[in-house]
Amino acid sequence: MKNYSIAVLPGDGTGPEVAREGVKVVNAAGRRFGFKVDWHDYDFGGDRYLKTGEVLPDSAVEEFRRYKAILLGAVGHPEVKPGILEKGILLRLRFELEQYINLRPVKLYRATDCPVKDKGPEQVDFMVVRENNEGLYTGSGGFVFKGTPHEIAVQESINTRRGVDRCLKYAFELAKRRRGGKPWGGLKPEDVKAGQTAQLTLCGKTNVLTYAFDLWERAFHEMGAAYPTVKRDYTHVDATCMWFVKNPEWFDVIVTDNMFGDIITDLAAMIQGGLGVAAGGNINPEGTSMFEPMGGSAPKYTGKNVINPIAAINAAGMMMDFLGETAAAKAIEDAVIKIINTKIKSLAAGKMGCSTTQVGDLVAEAVA
Ligand code: IPM
Ligand code: MN
């Protein structure tokens with residue numbers, strides 16, 4: 001029997017409620033697929049910070065390095081100034097553990113959950129690969145003459161050739177393998193005839209960010225030459241937002257920088273059914289990766305057993321896929337699809353027609 005050691009960081013607000021259901025479903029999958037998980041809980045978050053003043057000790061970062069995966073609930077506490085926990089826990093782990101990919105599957109499971117008219121699961125099914133260690137997120141910049149009428153605030157976007165290349169590499173490989181070589185439905189007949197099976201869209205802003213996205217675009221085409229089965233496509237970030245609403249079926253895999261990726265994946269979450277289902281992975285392919293529901297700590301719903309745990313269950317599924325348990329990951333996703341389509345009224349918190357724990361039980365039962 002295979003044994004996994006996984007860290008759990010339930011965090012703030014509804015984080016513990018949803019992380020618990022993710023753990024429950026993975027344990028059920030383990031019983032069916034023959035693996036066992038030893039879960040190690042860490043209580044970092046708002047409550048601990050308010051009690052002790054400690055956000056994340058250096059020793060914790062070192063401890064996390066010993067795991068292949070971390071399951072995160074949520075960070076963000078109504079009594080803690082915004083930024084302290086986000087920067088001190090989430091961003092710090094992303095950077096120090098070199099989780100340079102933020103992977104966001106965008107898949108709609110039921111047509112009625114999509115706010116865009118006439119779009120169903122066939123039309124909303126793509127992946128966003130967001131660069132997760134650079135861009136505007138490095139904290140590079142500063143103030144001059146702070147607090148005076150002449151104040152200057154500079155926030156720099158950092159784009160290194162190494163950082164861009166490793167992100168592109170991940171995206172090209174993902175596009176190449178996504179459907180096991182089966183051609184993506186959005187390709188033109190002549191593309192398929194020419195041997196193409198996938199599309200990778202670079203989302204940028206080459207018309208204004210003429211340094212950063214010049215580098216991205218050159219690197220994209222240079223690397224793309226080695227991936228003849230992947231059709232290269234480009235869209236500006238503003239147009240990407242427009243197409244997400246108008247023609248989401250135009251996307252297969254998208255690769256973009258940190259800030260644009262942050263923004264477009266929230267929009268993408270809405271067309272896939274909302275924050276109740278949207279999950280992501282902060283991935284270091286050679287190190288420690290961290291998987292999280294996108295919903296945040298949702299203080300309004302905390303402790304009420306009404307938050308939708310599916311995003312956390314999906315995050316846990318992605319985590320098992322990352323660990324190599326592909327059959328278990330597929331079974332978890334299939335179970336989620338089944339339960340959404342048969343048991344859950346709405347994906348919104350408080351409107352599911354079942355409680356948080358019931359949804360977890362239903363999915364766990366369907367997996368077993
Ligand atoms: C996300 C979040 C974070 C980000 C915040 C909480 C720092 O919005 O994971 O997308 O901006 O990356
Ligand atoms: Mn975000």
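Let's start at ligand 1, where an oxygen atom sits 2.6 Å from an N or O atom in the side chain of Arg-94. That is a polar contact, meaning a pair of N or O atoms within 3.5 Å; within protein, one must be able to donate a hydrogen and the other to accept it, and residues adjacent in sequence count only if both atoms are side-chain atoms. Arg-130 has a polar side-chain atom 2.7 Å from an oxygen atom of ligand 1, and for Asp-262 the distance from a side-chain N or O atom to an oxygen atom of the ligand is 2.9 Å.

Before we go on, this is a predicted model: local features need pLDDT of at least 70, side-chain atom pairs count only at pLDDT 80 or more, and totals for chains, interfaces and linings use all residues. Residues are numbered from 1 along each chain as its sequence is written, chains are lettered from A and ligands numbered from 1 in the order in which they are written, and side-chain values use heavy atoms, leaving out hydrogens and water.

Which residues are around ligand 1? They are Glu-86, Leu-90, Arg-94, Arg-130, Tyr-137 and Asp-262, each with a heavy atom within 4 Å of the ligand.

Now to the helices, which are DSSP runs (H or I, at least four residues) numbered from the N terminus. Take H1, residues 15–33, and H10, residues 310–322: their axes come within 8 Å and cross at roughly 45°. Those axes are lines fitted to C-alpha atoms over the stretch in contact, with angles from 0 to 180 degrees between N-to-C directions. So H1 is oblique to H10; under 35 degrees would be roughly parallel, over 145 roughly antiparallel, and 65 to 115 roughly perpendicular, with the rest oblique.

In that pair, Val-18, Ala-19, Glu-21, Gly-22, Val-25 and Val-26 of H1 meet Ala-312, Ile-313, Ala-316 and Met-320 of H10, where contact means heavy atoms within 4.5 Å.

H1 also packs with H11, residues 326–342; here the axes come within 10 Å and cross at roughly 125°, so this pair is oblique. On the H1 side we find Val-25, Val-26, Ala-29, Arg-32 and Phe-33, and they meet Ala-327, Ala-328, Ala-331 and Ile-332 of H11.

What about H11 and H12, residues 356–367? They pack at about 125° with axes 8 Å apart, and are therefore oblique to each other. Among the contact residues are Ala-335 and Val-336 of H11, with Leu-362 and Val-363 of H12.

Conventions
Helices (H or I, at least four residues) and strands (E, at least two) are DSSP runs, numbered from the N terminus.
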